Amino acid sequence: MAGYVAAIDQGTTSTRFIVFDRNGRIVSAAQSEHEQIYPKPGCVEHDPEEIWRRTQDVIVAAMEPKGLRPNDLAAIGIANQRETTIVWSRSTGKPVCNALVWQDTRVADDVAQFSADGGQDRFRKNTGLPLATYFSGLKIRWILNNLAGVRERAEAGEVLFGNVDTYLVWRLTGGPQGGIHVTDVTNASRTQLLNLETLAWDDDILGAFGIPKNMLPQIRSSSEIYGRTELPAIKDVPIAGILGDQQAALFGQTCFQPGEAKNTYGTGCFLLMNTGAHPVHSNCGLLTTVAYKLGSDAAQYALEGSIAITGALVQWLRDNLGLIEKSADIETLARSVKDNGGVYFVPAFSGLYAPYWKTSARGVIAGLTRYANKGHLARAVLEATAFQTREVVEAMALDSGIQLDVLRADGGMTENDLLMQFQADILNRSVVRPAITETTALGAGYAAGLAVGFFKNLEELRMHWHVGHTWAPQMAEATRKELYQSWKKAVTRSFNWTDNASVDV
């Protein structure tokens, strides 16, 4: 009898395969990074075929050393970087171009064009999303309009679109030889093409964007058997769960009740609050999205605050400036000074996301003096994540009417004790990290396990959640107020740096 569930966690910078036991504990895991491609300013790409190779590699690397065989796995779930857009040949599997990553801003002119007629919230009522470079719909449009022959191939049914979840399921279930072309409601809700009420592709928006419906995947729930994998290392194991990575983390944190929320600290930072069976539309710059849908049950919705650059800023400090050798070194460097020295770093590399949604913003470092050194810069990099999170928490409280008592935190940056303590300090509320921190992969594993009866119900999953560490606020109120006011001042310095300010609100 199968004793485990597994998850593919395909993120912005790496791919992981993790095997969990019935208590949600990790049995085996493997991880591999993939290349970040920057062909010109504002453009961020991935090679889909490299992602597919890395996926195969980590599956083998997690299964073989532990002597795991396909029949040891009850099911596999997939969690994936959302919005990243892939278009590929139905007959060969070859992508028509590199994947356009969620951070890519090349569609800024399209955002301005569509916003000129109806404003940035033109499609928000139906989709829960403002017009922004973030989402998949305009990226699909860009590919169709800018690559010779692709639109004609799409209209003829010769090319397929998918976010990374769809691409991986198609490849895992046979690819050109009968691969299944599906997505789940959470990923569909991030395309700006899904109607939140009907949970179907919105024909009016497809018409406005000029996207042929036949290139889109079938929309399914987040927890059901989609098909079985053809990959030898996991041959015939059912793929039974799909969740966008942030919804997967919400599910892995067992935030099943309205008002429960989590924040994931990864490449970006994403705070989601469960709002129950009805979408709650935001007046404060948040996104309305699908949280999950379990089989035939009603969909559950969430409010989301999306921050584009958090962990990616640490990588930038490492790769572009060379101030640290590895990402973990930032905490040591930041601890070399007692405070930020008056330095603030607003990482609007691809504009500002929630709660501002300013495509025209760009990154700025403010408050520099001759006193400032690399330690102050490192500290400002970490503090930027905490400041941005506070802005989202405040917006979420206004939209939902719920004040968070405690913030559930997950993701790689929660290992940084200095950051987590500053987060608690600037929020003036406790921050809690669960005992099992791989909540994104765990959420996908939970969804898959529920679909095949490996887990009985949500209550069983909730029993697996335990506190791993708590950071309580220690900062004086006057200091907290002064730091936050200076941050807000720095943010205004990033506004309207490029010429497409007309799309901002």
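There are 23 aromatic pairs in this structure, a pair being Phe, Tyr or Trp rings (for Trp, the six-membered one) with centres within 6.5 Å; planes under 30 degrees apart are stacked, over 60 edge-to-face, the rest tilted. Keep in mind that this is a predicted model, where local features need pLDDT of at least 70, side-chain atom pairs count only at pLDDT 80 or more, and totals for chains, interfaces and linings use all residues. Residues are numbered from 1 along each chain as its sequence is written, and side-chain values use heavy atoms, with hydrogens and water left out.

**Aromatic rings**
- Trp102 and Phe270 pair edge-to-face, at 5.8 Å centre to centre and 70 degrees between the planes.
- Trp102 sits in the loop between strand S7 (99–100) and helix H2 (108–115) and Phe270 in strand S16 (residues 269–276), so the pair ties together parts 168 residues apart in sequence; helices (H or I, at least four residues) and strands (E, at least two) are DSSP runs, numbered from the N terminus.
- Both Trp102 and Phe270 are buried, meaning under 20% relative accessible area with a 1.4 Å probe, protein chains only.
- Trp102 and Phe270 also belong to one aromatic cluster with Tyr134, Phe135, Tyr353 and Trp357.

Conventions
Buried < 20%, exposed > 50% of the residue type's maximum accessible area, 1.4 Å probe, protein only.
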